[in-house]
Amino acid sequence: MNDALFIEIGSAQQQKYGEDCFGDTIYSKKIPEERRIISILSDGLGSGVKANILSSMTTRMAMKFVESNMELMHSSEVMMDALPVCQIRKISYATFSVVDTQLDGKTRIFEMDNPPFMLIRDDKALNVRYREIYSERWKDRTINISQVTNLEEDRIILMSDGVTQAGLGNRLYPLGWQRQGCLDFVLEKIRKNPTISASDLAQAIVQEALNKEVEKKAGDDISCVVLYFRKPRKLLVLTGPPFDEKRDAEFAELVSSYDGKTAVCGGTTANIIERELCLKCEVDKTSFDEHIPMCSTMEGVDLVTEGILTLTDVYRMLKEGIDPDKNNGATRLAKLLLDSDKIDFVVGTKINIAHQDPNLPMELEIRRNIVKKIVRILQDKYLKEITTRYI
């Protein structure tokens with residue numbers, strides 16, 4: 001794969017109606033030193049806590065074995081031996097799909113009993129050849145192994161059978177949505193929005209599967225993972241004024257020379273950009289929210305928000321999820337971060353006296369600390385490539 005490409009991973013899930021936890025588990029890991037990304041989807045037998053234990057054990061063991069390049073069938077047998085045995089069906093069981101992709105373009109996909117993955121290229125689904133391997137100890141276990149060389153704009157889609165069997169038994173979908181129904185939906189979404197993000201596509205698939213269910217109550221856990229191979233989307237985030245005012249011009253120049261999208265967080269920061277680049281900053285009343293200060297608009301800048309309050313709420317949403325119905329500055333910034341691949345933070349180190357007031361809420365942390373938290377979660381949970389510079 002060309003070094004300029006980036007792999008975006010997005011996922012979405014809906015637990016079975018009436019259950020408190022997911023029976024499916026999704027686990028992705030980036031191995032920077034090997035320029036490699038591994039993503040796993042496992043579906044545990046049944047649903048709820050018992051299924052969650054089975055799928056969680058499977059994903060953790062599979063990640064360890066795949067990462068160490070252990071022989072696949074042997075590692076699968078070890079996993080089957082280790083899984084608890086269901087007292088009703090007398091089997092230990094969890095399905096899995098594994099995507100092991102390296103940045104030289106080679107991608108391996110291992111599958112056991114999950115619906116076959118989809119490879120979308122040039123608005124079409126490609127039929128990928130696979131080979132089967134069998135277990136001597138577990139006679140009913142077959143693993144399919146595929147290998148592809150990915151190109152720019154490819155998408156690989158993994159799903160649990162909660163997607164393909166959505167609506168099973170009802171009048172409109174007596175045999176469920178099925179893989180072909182899901183595939184038709186995916187191709188239509190991509191045709192309408194060729195640059196749809198991995199996260200948005202995964203969420204759309206899960207929501208559409210849920211729509212097929214009677215009263216939109218999931219009859220099984222519904223899970224989807226999307227890997228999107230594309231050129232990296234770059235984002236520059238500036239927040240806080242420079243420690244030395246003599247560097248204001250240099251600070252502002254970062255915005256005008258950046259090759260990607262830009263976000264400015266903080267009123268003083270925006271004033272510096274406005275002054276140094278002779279731009280006009282105006283309040284964006286469409287972003288009104290009772291709890292988060294309104295955004296502003298500025299020519300050449302993709303997003304202008306307030307500082308600490310907004311960043312603190314962004315961190316919360318990155319942990320808990322974004323409210324799609326809101327349009328405030330924090331929601332816009334969180335979406336922009338998640339839709340970007342390589343994010344450059346430039347943090348001014350001048351202290352804002354207003355944020356040292358002991359009467360302000362405890363969670364209102366100083367800028368550097370909240371940025372560190374955002375950076376950490378973007379790297380660990382969302383596998384973003386991050387640089388941080390203090391000025």
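Biologist: What makes two strands count as a pair?
Modeller: Two strands pair if DSSP finds at least two bridges between them. Strands (E, at least two residues) and helices (H or I, at least four) are DSSP runs, numbered from the N terminus. This is a predicted model, where local features need pLDDT of at least 70, side-chain atom pairs count only at pLDDT 80 or more, and totals for chains, interfaces and linings use all residues. Residues are numbered from 1 along each chain as its sequence is written, and side-chain values use heavy atoms, without hydrogens and water.

Biologist: How many bridges pair β4 with β5?
Modeller: β4 covers residues 94-102 and β5 covers 106-112. Asp100 has Arg108 in β5 as its bridge partner. The two strands pair in the antiparallel sense, and the bridges number six.

Biologist: In which order do the six strands stand in the sheet?
Modeller: The sheet is open and its pairing is antiparallel. β2 (24-31) and β8 (130-134) each have a single partner strand, so one side of each lacks a neighbour in the sheet. The order is β2-β3-β4-β5-β9-β8.

Biologist: Which residue in the turn between β2 and β3 has a positive phi?
Modeller: Eight bridges join these antiparallel strands. Asp24 stands opposite Asp43 in β3. Four residues separate the strands of this hairpin, and the one with a phi of about 50° is Arg35.

Biologist: At what angle does α1 run to β3?
Modeller: Helix α1 (residues 48-67) lies across β2, β3 (36-44), β4 and β5. Axes are lines fitted to C-alpha atoms, for helices over the stretch in contact (heavy atoms within 4.5 Å). Angles run from 0 to 180 degrees between N-to-C directions. For α1 and β3 the angle is about 155°.
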